[in-house]
Amino acid sequence: MAETLHCYRHPKRETRVSCAACGRPICTECMRQTAVGIKCPEDAQLPRGARAGVMKPKQILRTLLAGAGIALVGIPIVSIILGLPFQLLISAAAGYGAGTLINRTGGRNGGPLAITVSVVATAIPFLAWLAPDALAGDFSTFGFLAAVLAAVAAGLANRRS
Ligand SMILES: [Zn+2]
Ligand SMILES: [Zn+2]
């Protein structure tokens, strides 16, 4: 006896067809023929890459871990960068590198989470060095600018996907 399914959009209609992408049952009226089989209207509409930014739990975890790693490793690196010439340029490059790393670790998905993690993880090491001075009344505009550039570059690194 074949299992009877019910269309997820029309719970009263029986069907034996299910979407090739999400597996939900769909009735003949709802199903869409695509190159890779029958799909529900939602999945048939989504062009390739439209799901960028939708992360699996594992990718989210990896993104967060990568962010934590970058923040920790970044603290000694930033202390070196802030003592170098062309520190703004180097900060931006380092931020972009950090963002790219987080993007790749998270499965190259990009999206709001990867961008947020990249920006925060890149800004933390700068703030760790800048905050004590700033609190003591010695606010470093140049250092702050370096932090902003690095964070923006890290975010931008996640925008291509
Ligand atoms: Zn589907
Ligand atoms: Zn239906």
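From the N terminus on, the elements of the protein chain follow the order β-β-β-β-α-α-α-α-α, which comes to 5 helices and 4 strands, where helices (H or I, at least four residues) and strands (E, at least two) are DSSP runs numbered from the N terminus. The radius of gyration of the protein chain, taken over C-alpha atoms, is 23 Å, well over the 15 Å that the globule rule (2.2 Å times the number of residues to the power 0.38) gives for 161 residues, so the chain is more spread out than a compact globule. This is a predicted model, in which local features need pLDDT of at least 70 and side-chain atom pairs count only at pLDDT 80 or more, while totals for chains, interfaces and linings use all residues. Residues are numbered from 1 along each chain as its sequence is written, and chains are lettered from A and ligands numbered from 1 in the order in which they are written.

Along the principal axes, the C-alpha atoms of the protein chain fill a box of roughly 75 × 25 × 20 Å. The domain assignment, whose bounds come from an automatic or database source, gives domain 1 (5-45) and domain 2 (57-156), and the centres of the two domains, taken over C-alpha atoms, are separated by 44 Å.

Helix 4 (residues 111-135) can be followed through its packing with helix 2 (residues 57-81), whose axis comes within 8 Å of that of helix 4 and crosses it at roughly 25 degrees; axes here are lines fitted to C-alpha atoms, for helices over the stretch in contact, and angles run from 0 to 180 degrees between N-to-C directions. That makes helix 2 roughly parallel to helix 4, given that angles under 35 degrees count as roughly parallel, over 145 as roughly antiparallel, 65 to 115 as roughly perpendicular and the rest as oblique. The residues in contact (C-beta atoms, placed from the backbone, within 7 Å) include Gly67, Ile70 and Ala71 of helix 2 and Val117, Ala121 and Trp129 of helix 4. By class, this contact of helix 2 with helix 4 has 17 nonpolar, 6 polar and no charged residues, where Ala, Val, Leu, Ile, Met, Phe, Trp, Tyr, Cys and Pro count as nonpolar, Asp, Glu, Lys and Arg as charged, and the others, Gly among them, as polar.

Helix 3 (residues 87-105) packs against helix 4 at an angle of about 140 degrees, with the axes 9 Å apart, and the two helices are therefore oblique to each other. Their contact is made by Gly95, Ala98, Gly99, Ile102 and Asn103 of helix 3 and by Ala114, Val117, Ser118, Ala121 and Thr122 of helix 4, and it has 5 nonpolar, 5 polar and no charged residues.

Helix 5 (residues 141-156) and helix 4 pack at an angle of about 160 degrees, with their axes 8 Å apart, and are therefore roughly antiparallel to each other. Among the residues that make this contact are Ser118, Thr122 and Phe126 of helix 4 and Gly143, Phe144 and Ala147 of helix 5, and the residues of the contact divide into 12 nonpolar, 4 polar and no charged.

Notes
Two residues are in contact if their C-beta atoms, placed from the backbone, lie within 7 Å.
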